Amino acid sequence: MGDECERSDCVVDVQHLHKAYGSTVAVDDVSFTVNKAEIFGVIGPNGAGKTTAVECLSGLRRPDTGSVRVFGLDPQRQRVALRQVVGVQLQEGSLPIRLKVSELVDLFASFYPHPANTDDLLELLGLTSKCRAYYGKLSGGQKQRVAIALALIGNPKVAILDELTTGLDPQARRDTWELIAGIRERGVTIVLVTHFMDEAERLCDRVMMVDRGQVVALDTPTAFAEHYGGGSHLSFRPTHPFNDALLITLPEVSGIEHVGDRVTVAGSGDLLGSVVHALESAGVEPVNAQLTTANLEDAFLRLTSRATVAPSEEASR
Amino acid sequence: MTSSAAISLPRPSGHSLRHLIVAETKLAYRVPVGLVLGVFIPVLLLVIFGVSPGFKRPINPHTTITFMTAYVPVLMALTLALIGLVSLPIPLVMHRERKYLRRLSATPVAPRWLLAAQVAVNLVLAVVAMGLIVGGAVLFFGVQAPADVGGFLLAAVLATASLFSLGLFVAAISPSPPVAGVLGTALLYPLLYFAGLWVPRQNMSAGLRHVGDFTPLGSAVQSLLNSLQGSFPPTHALVVMAVWAIVMTLAAVRFFRWE
């Protein structure tokens with residue numbers, strides 16, 4: 001076992017994973033751990049190596065070097081045992097179009113020693129009314145829900161979901177998020193590959209960003225946004241002029257800019273509270289105050305726009 | 001590794017395979033390529049030949065073999081060719097193209113079990129079609145029942161094995177369904193020619209017949225006709241079919257890509 005995974009609630013342990021296709025390096029020295037009942041997000045630009053990395057978890061790809069353990073199992077050597085505890089949703093459709101939903105679910109249920117109740121699962125995914133429909137006749141969202149159902153049919157301890165809500169309409173996306181959160185409540189660990197930052201922000205306990213095959217950052221969505229998103233900005237119109245030194249000396253503040261009669265203060269942490277407090281003590285009132293906080297998307301864009309990114313301290317946390 | 005010990009249960013082997021066979025059977029019924037090409041068309045040809053007066057005549061002045069009798073093995077060869085080279089490989093290549101084989105390899109069930117299910121379904125189709133052809137010819141169209149039953153069954157088994165393994169090889173090397181279709185058809189016509197679909201083998205020149213002896217369907221038709229008439233199939237014909245079956249199976253295993 002890797003030294004990162006000594007806690008008993010650690011279910012996935014990846015150390016120094018490396019995978020190349022010919023001369024193209026897809027995954028380059030990636031290490032991370034996932035805890036029990038955690039929703040762990042993997043984000044990154046297209047072709048960053050996200051899918052390759054998680055496919056090494058499910059045993060679909062053989063790592064060149066490095067170690068992968070899921071519940072202590074080696075995906076390559078303990079093939080069957082691993083697949084009994086790991087449910088997978090693949091990026092592509094990947095099912096015969098002339099099989100009905102109920103037939104697919106029954107078929108996949110037959111592959112596992114302790115399958116979930118198929119009726120309950122179809123109900124949970126809102127597929128009961130579609131169970132007699134051919135897979136090929138379903139809408140994109142319904143196909144996606146079938147793929148999720150098949151990932152969960154074996155009562156997995158870990159579900160690996162790749163591009164969970166791609167192609168879904170906004171309502172279906174929100175429904176799917178609720179569903180995934182509900183499945184985690186039952187103690188299932190979820191590894192979620194996504195390129196939607198709102199999805200990662202909303203669902204994930206921790207987010208790992210991969211770019212050019214390397215881990216760029218790994219943290220909670222909030223801390224991630226704060227560290228890499230360029231912080232917060234507080235913009236307001238002061239009732240009286242004040243000396244910049246009043247605010248620039250605050251630990252939360254990193255810069256001040258005057259545009260017309262408005263002041264914009266850049267910073268992080270409890271920017272709003274500390275600035276308002278300092279202004280108050282000087283008898284200045286901020287009028288029309290607007291606080292903009294960096295989100296995961298800002299962090300993502302800042303990180304990917306850099307020409308070269310060195311893995312940060314957080315990445316190896 | 002306590003957790004792995006707890007979950008290393010015996011895999012539900014027969015159970016999964018049975019479900020895979022049921023699913024492939026439903027697909028074979030809903031997309032009835034094998035049913036139409038491999039069963040319906042050869043049986044229809046049997047009926048057409050059976051009611052044509054010309055087929056009661058000997059195939060040439062030097063023999064008593066009627067066209068009807070000569071065409072029973074040829075129609076069996078047609079069935080095996082259409083099922084082995086079209087009905088068997090096309091669904092496998094489609095499954096692979098749709099990434100279904102890859103999806104299966106993410107479950108405890110190995111994707112080769114789907115291959116086994118596909119072989120099983122087509123085997124049933126082939127047995128049903130050959131049974132209808134032989135049974136129909138004997139019961140309704142005055143063809144003598146196989147005199148050497150053992151030789152007949154052995155010839156049928158080897159012929160099926162050689163054509164199915166050839167089909168699996170087509171599935172192994174075809175990157176997409178259209179390529180599998182072209183490859184299967186490209187093999188189909190010369191094989192059926194040497195089987196005697198257009199010109200009975202007995203009416204071919206010695207040279208052509210000799211070439212046909214080295215094809216799986218040429219030796220299949222020769223073996224089936226011999227045993228239909230009471231003599232055990234010639235060893236060289238059985239060996240030719242067995243060699244095709246073994247070589248093509250090994251080649252299919254060697255080249256098969258799951259994704």
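The contact between the two chains takes 28 residues from chain A and 27 residues from chain B, two residues being in contact if their C-beta atoms, placed from the backbone, lie within 7 Å. On the side of chain A that touches chain B, the elements giving two or more residues are α2 (79-85) and α3 (101-109) of chain A; α2(A) gives the most, with five residues. Helices (H or I, at least four residues) and strands (E, at least two) are DSSP runs, numbered from the N terminus.

This is a predicted model, in which local features need pLDDT of at least 70, side-chain atom pairs count only at pLDDT 80 or more, and totals for chains, interfaces and linings use all residues. Residues are numbered from 1 along each chain as its sequence is written, while chains are lettered from A and ligands numbered from 1 in the order in which they are written.

Chain A also holds an open sheet of six strands with mixed pairing, in the order β5-β6-β7-β3-β8-β9; two strands pair if DSSP finds at least two bridges between them. Its edge strands, β5 (86-89) and β9 (214-219) of chain A, each pair on one side only. Strands β3 (residues 39-43) and β8 (residues 206-211) of chain A run parallel and are joined by four bridges, and Phe40(A) has Arg206(A) as its bridge partner in β8(A).

Two helices of chain A pack on this sheet. Axes are lines fitted to C-alpha atoms, for helices over the stretch in contact, and angles run from 0 to 180 degrees between N-to-C directions.

| Helix (chain A) | Strands touched (chain A) | Angle of directions |
|---|---|---|
| α6 (residues 170-185) | β3, β6 (158-162) and β7 (189-193) | about 150 degrees with β7(A) |
| α8 (residues 221-228) | β8 and β9 | about 115 degrees with β9(A) |
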